[in-house]
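The following explanation is intended for a reader meeting this structure for the first time. Please keep the sequence and the model in view while reading.

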Amino acid sequence: MRHFLEVEQFKPEEFIELAKRGIEIKNGASLNKNGLSIVNMFFESSTRTKMSFEVAEKQMDFHTYNFDVTTSAVNKGESLYDSILTMKALGMNIAVIRHQNNHYYKDLLDIGISIVNAGSGSGEHPSQCLLDMMTIIEEFGKIQGLKVAIVGDLKHSRVARSNAKILHELGATIYFCSPKEYYDKEFEKYGTYKKLDEVIFEVDVLMMLRIQFERHRNEARHIETEAAYLRDYGLNQRRYHQLKDHAIVMHPAPVNRDVEIASRLVESEKSRIVRQMENGVFARMAILEWVKGE
């Protein structure tokens, strides 16, 4: 039984092979269809991740079920362990889970159902990482030697943590840019903390992050105004024109428009944000194929 939990469980070359498999599927490679049962259990809100998993599951002929947290026994105090135990008893083979706890999956691995991590608190987001690597490889054909700036709410970002780990292992040069209140020293082992204006001219990939207001205490938002954040730390028109001609802009979405990115730049020529969403389906098809062991 396979679990897809975090980027560290893979050797870097294995993770990239999985990203390349996603590209193959996107380009029409055949898939073995199946009759396995899969349940989507999202304890935090999601649009892109949840829907792309559902689309991937439908295209792969899974029997797909959605666990509605709001009407479940979770509201009566049922533990996550007992919810998963129930899903196993009901015949589920795979559970795709997003949960607010960073390591929610640690106690679930011996129940007898494959766990796919669809986002764990501010810890890991390996499926987003996979689709991001797909997007970069489609654009540049490689990771090694690229210069990547990861910009924004680093402290609260599971995307930043997953991407920093694999990009570092694959030989990219990484810059971390954020207000000091949004930085975490754990990123020092992967790259260098810089001001965005110091590196905007040289990066190949500008990876913007959403400010995760829901994870901030109200008194610790550290933003005077949204316009001030865009001026001082975001991708505005001036910084966009300072990017290299071949540079690309990424964002895991949802985007706080006119906060981390000027609204008009979300669908600009250099933006790959919509392509990331598109690649999400194929990356998750590759993940589910791998979890099945084929």
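In this predicted model, His125 is in contact with several residues beyond its neighbours within four places in sequence: Thr49, Arg98, Ala118, Gly119, Arg158, Val159, Ser162 and Arg284. With one of them, Arg98, the contact is polar and joins side chain to side chain at 3.2 Å. His125 itself is found in the loop that runs between strand 4 (114-120) and helix 4 (126-140). Because its relative accessibility is 4%, under the 20% cut-off, His125 counts as buried.

Helix 4 also holds Gln128. This residue has a relative accessible area of 6%, and is therefore buried. Neighbours within four places in sequence aside, Gln128 is in contact with Val159, Pro252, Gln276 and Arg284.

The UniProt record, an unreviewed entry, lists both residues under "binding site", together with Arg48, Thr49, Arg98, Ala253 and Pro254. In the model, the lining of the largest pocket includes Arg48, Thr49, Arg98, His125, Gln128, Ala253 and Pro254.

Where residues up to four places away in sequence are not counted, Ile287 touches Phe4, Val116, Ser127 and Leu130. Ile287 and Phe4 are separated by 283 residues in sequence, yet their C-alpha atoms are 7.5 Å apart in space.

Methods. Residues are numbered from 1 along each chain as its sequence is written. This is a predicted model: local features need pLDDT of at least 70, side-chain atom pairs count only at pLDDT 80 or more; totals for chains, interfaces and linings use all residues. Side-chain values use heavy atoms; hydrogens and water are left out. UniProt positions are given in the numbering used here, feature names are shortened, and annotations may be inferred rather than shown by experiment. On a 1 Å grid over the protein atoms alone, a cavity is a set of points where a 1.4 Å probe fits but cannot get out, and a pocket is an open set with protein on both sides within 12 Å along at least five of seven lines; lining residues have an atom within 4 Å of a point. Helices (H or I, at least four residues) and strands (E, at least two) are DSSP runs, numbered from the N terminus. Buried means under 20% relative accessible area, exposed over 50%, partly exposed in between (1.4 Å probe, protein chains only). Contact means heavy atoms within 4.5 Å. A polar contact is a pair of N or O atoms within 3.5 Å; within protein, one must be able to donate a hydrogen and the other to accept it, and residues adjacent in sequence count only if both atoms are side-chain atoms.
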